[in-house]
Amino acid sequence: MSEVTKVLIANRGEIACRILRTLDRMAIPGVVVYHSVDADSPAVKTAAESVEIDGPTPVAAYLNVESIIAACKETGSDAVHPGFGFLAENPGFAQRLAEEGITFIGPQPSTIELMGNKVAARSFCMDNCFSLVSSVTEADAGEDFAECARKIGVPILIKAAVGGGGKGMHIVRELDGLDQAIQLAKGEALRSFGNNEVYAERYVEEPRHIEVQVMADHHGNVVHLGERECSIQRRFQKIIEESPAPNLTLELRQRICNTAVEIARKANYLNAGTVEFILAPDGKFYFLEMNTRLQVEHPVTEMVTGLDLVELQLRVARDEYLPLSQDEIKAKGHAIELRLYAEDPENDFLPATGTLLAYRLPAGKGVRIENGFAEGMQVSSAFDPMLAKLIVHGRDRNQAIERALKALDDTLILGVTTNIDYLARILSHPAYTSGQIHTGFIPKYGEDLSPPPLSEEQRNLLLAAAALNSREFTDPAFQVPEPYASLGDWRN
Amino acid sequence: MQRRINLLDVHYTVMVVGHPEERWLKVEAGEFQSVALKSMKDGQGIILLGEQNVRMKMAVKGETVYIRAFDRTFTLHIVNPVEQAAQETSGPGNTARAPMPGTVVEIDVAVGARVTKGQSMMTIESMKILTVITAPRDGEVVQVHFEPGATFGKNAALITLSKKEEE
Amino acid sequence: MRRIKSNVDTQSVEFRAYQRHNHKIMTQFHEHQRKARFDRPERDVERLRKQKKLLVRERIDLLLDPSTPFMELSTLAANLAYEGTVPSAGVVSGVGIVSGREVMIMASDSSIKGGAWYPLTVKKMVRTLDIAIENRLPMVHLVDAAGAYLPLQSGLFPDRHMAGRMFRNQCVLSALGVEQVALVLGHSTAGGAYIPTLSDYSVMVRGTGGVFLGGPPLVKAATGEEVTANELGGADVHSSISGTADYAVDSEQEGLALVREIVGTFPRGTKVAVERREPEEPYYDPKELYGIIPDDVKKQFDMREVVARIVDGSRFHEFKPDYGTTVVCGFAFLYGWKVGIIGNNGVLFSDSAQKCTQFMQICNRDLVPVIFFQNITGFMIGKAYEHDGITKDGAKMLMVQSNLDVPKLTIMANGSFGAGNYAMCGRAFDARFLFSWPNSQISVMGMEQAVKTLTQIRLKALQRQGKVLPKEEVHKIYDDISQDYLEKSGAYYSTSELWDDGIIDPSDTRKVLGISLSVALNCEFNKTPNGVLRI
């Protein structure tokens, strides 16, 4: 039986705060590690215990396996929660922890390895007869990869074999561009993940991204906690997620969820995981990949099921039985998560940096905030530009959208460009409100989603506000004295 | 006081006259309108301009004013007149600046190197996109502001060239 | 304070006639001024444009705070000299606001003979610096002058108030703690090199700006050394090698913006605490002055009507209204500042001189600046008046007026003849500013007397040579003498010779006095510890 008496969180930002909250509720001491740039972050301030770690860059610090193990020993932590990103899907890390007798809160290293390589994950699914989009891998095709890829027929999607987050993904619509796309994808994959292996698959037009949260214990129990719709994406990254997925028949929903459970079962999966599917407009769905960790968007599931996924993770890690059977898991109402990013939607979503001069997040009925920042903090380009997550719950989708819009209106972030207004424009778009969504939503409605033009009055009001807020304009040191001021531009 | 204010990448000439109790404002060649700012707590304020009044949320950092109004968030920058005149009248400046925040991947030039216009000086990465920073004009490198691996914000000075040479 | 009750009937035939007459004079005046300021040969303007230079008034507009006034001094200096080829004496000077600070601007006009210095240029520049000294006004020099105009060098170089005086004044100004900033926009050679160098801050424009004791041709001639202007004394040489200048900029626009930033670092001076009230526009329209100023210098008018169209609310507290009635004394407010006003309503008698003297003593004791409105034919003459001590009473007035600690401002409103000019604070008596109306005349005595006397002298001389002239020739001599006298006593001649600080439109008098007074209040003045004599 694994001991989980003190948990070190090998992460930062909002997810570190979120894990601390559950640990606190369960009376398990929590420890955070941090790089000095995060010294003033809410996670470090909230945690009873924290250990500074270092690296050539801030990101490298959080990827440094040995210093995290040293921090565990120093603090007497017997378990590590990796959160998501950083070391969450690194089988070597899970392995090293096992060697040190520290519990990794997540699946077995072998599962991580299996699902971490998309090519391996695909052959696993193929072997087990789960449906996949037709595809070809470099490993299988070797020299003939480009030739085989050509046979799939356009549109083709080229993807990196390892990694995620949309990096190294290219859609090919004309076969002429295939070779170039492969080269680009390989280059980006190498830079991002240190591995230039890629694969090609048939690109499903206007696909929906549906994923299923699963949970498995050491005693062979596997349950699903319903699906999440994650189709609103920019640069292949999710920005709005919701549960349940809109406009899905009960039958289809159940088929998808059951398939996810089957995949997890076949993989001898342990702890929390997410099976991602591509849902085509014709109702066919295909296995995409499995994420062997807690997802960024897990709060959506928590809001509809009323469960605490981190608590379940901890219990499973302690070899406990899952406290609920599939029948006991009931979804109620509708939840939407909005990812607040420091980025500029009007400039190709390029990340933005700056100081959070005003940082006020909403509160209220049905509103949940996951946040790792505070007013006055710097947003640097060192980390992912996500500032916070805003999750709302309503009795149905309409009420959830309404609450989300109200919550966005109550949000004030000044000093750093964010996507808040952009998110509000998506939520107000008729295609979104009617549930007509797919992963091409943002490019398709790009024009509708750009901000409305400013009237001259609005422009002048803004300029006036800027002028009167600025010392340049209001400093009495530069005020024109009398009688000059009242003479205007008189010339004798 | 007159300054140019940058709003959505357009410069507007804005003039404010009067004293704290009574001010007038003019945008470009428009009419003077009475203007006032009633500040409330928490960065909220009401801006009065002529007959109009609008509630806004505002924050200021240096010469940059951030405003949330009309369901949007705006960044307005008050342009320094000396820098503005220098830019307008003397072409490309002495410093290559970051077009976006990112990380330095590679540096191609050292202090003292002579560069020609358009020559690659540095490669930066932002959101996994590589961008090459080129020399804005001919000159000599006098300062490289970052080392490989360092992160920087938008508009950060990356490489400074020697002062404009006499023609 | 009571408002002056105007007795002017704006519908009267006389008012209309005066108005027509003065409108003509004003139109002429504004046309003269426009030409002096803006008419330049196309060729000269093109030359400057090619050098990427701005015209002097464009420079000044960029320098000044937008939507603020500029009180230009002596626009018509040299208008009757050098065959009219050196408008404004080739230099623009005036008071304006830069970065919220009241400054004196002195700017060479390189569209006129390359900004070369003529004797009257130097006189105007020295006077400009004198004003800066007297009123502690920070200076902005816009330097773009070729140097002395050699053919006339003897008339501008050696004497006490010639070119050297400018540099002496700059040094004095520095010791008084008054800031100076220079922007070098052209070559500044020989003596001219000292203007930026004696300034506290010196900005040079790359390419066009140059500072050197001897320019490249002179260096070549003297030592054989060949050197370009830039290598010799360009912006980068002086800002990074010699330290003669402090900043190098790439353009005039950048330089002007930088000068604005520099001036913005100067302390904002405090004004002398004279009695202050909320300012008020005059009750009567200043434009009505055109119907009040007569069409003949000999015609009398009531100076109260003038005062009513200048001071706050047309309010005036008259002092000793029933005594010495040929002069009007009293208190008023101008742009909120309390002032004492002395204006002529006829010839000065003993009692009027005594009233002025008593009034000036009160002003001085109570820190009230004094404004003189001159329309004076002189002191009364004759046996009875001499026996009454008219000369002695005039001397008292001169004595007190000369030694006033409070600032004095003078307006030449009409005639100014003889010792009256002195008693009423003429040019020699250091009014902080002295402005003329275009209709005004100045001379040692009234024109008719003077011309008669001059004609008689001429005729007597001819008689001694045995010549007896026919009547027509006598008339001709009389006319010639009149013509010359008229010209030399006129406002245009006066301003050409810098006997004033400029001709102004009478309807601008309030504004001009307002700025002048504001400037004058920069310099502390002391309360004289004397009691007031009821003389």
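1. Between chain B and chain C about 1,100 Å² is buried, with carbon and sulfur atoms giving 58% of that area; buried area here is the accessible area, taken with a 1.4 Å probe, that two parts lose on being put together, summed over both. The contact takes 13 residues from chain B and 13 residues from chain C, contact meaning heavy atoms within 4.5 Å. On the side of chain B that touches chain C, helix 1 (residues 81-90) gives the most, with 6 residues; helices are DSSP runs of H or I of at least four residues, strands are runs of E of at least two, and both are numbered from the N terminus.

2. This is a predicted model, in which local features need pLDDT of at least 70 and side-chain atom pairs count only at pLDDT 80 or more, whereas totals for chains, interfaces and linings use all residues. Residues are numbered from 1 along each chain as its sequence is written, chains are lettered from A and ligands numbered from 1 in the order in which they are written, and side-chain values use heavy atoms, with hydrogens and water left out.

3. The count of salt bridges between chain B and chain C is 0, a salt bridge being a side-chain nitrogen of Lys or Arg within 4 Å of a carboxyl oxygen of Asp or Glu.

4. Chain A is divided into domain 1 (7-105), domain 2 (134-202) and domain 3 (208-449), with bounds from an automatic or database domain assignment. The C-alpha centres of domain 1 and domain 2 of chain A lie 34 Å apart.

5. The largest nonpolar core has 98 residues, of which Ile240(A), Ile426(A), Tyr432(A) and Phe441(A) touch the most other members; such a core is a set of buried Ala, Val, Leu, Ile, Met, Phe, Trp, Tyr and Cys residues joined through side-chain atoms within 4.5 Å. Buried means under 20% relative accessible area, exposed over 50%, and partly exposed in between, with a 1.4 Å probe and protein chains only. At least three residues of this core come from each of domain 1 (7-105) and domain 3 (208-449) of chain A.

6. Two cis peptide bonds deserve a look in chain A: Ser243(A) to Pro244(A), with omega about -5°, and Glu482(A) to Pro483(A), with omega about 5°. Pro244(A) is in the loop between strand 12 (237-243) and helix 11 (250-266).

7. Asp9(B), although not a glycine, has a positive phi of about 70°, and at 73% relative accessibility this residue counts as exposed.
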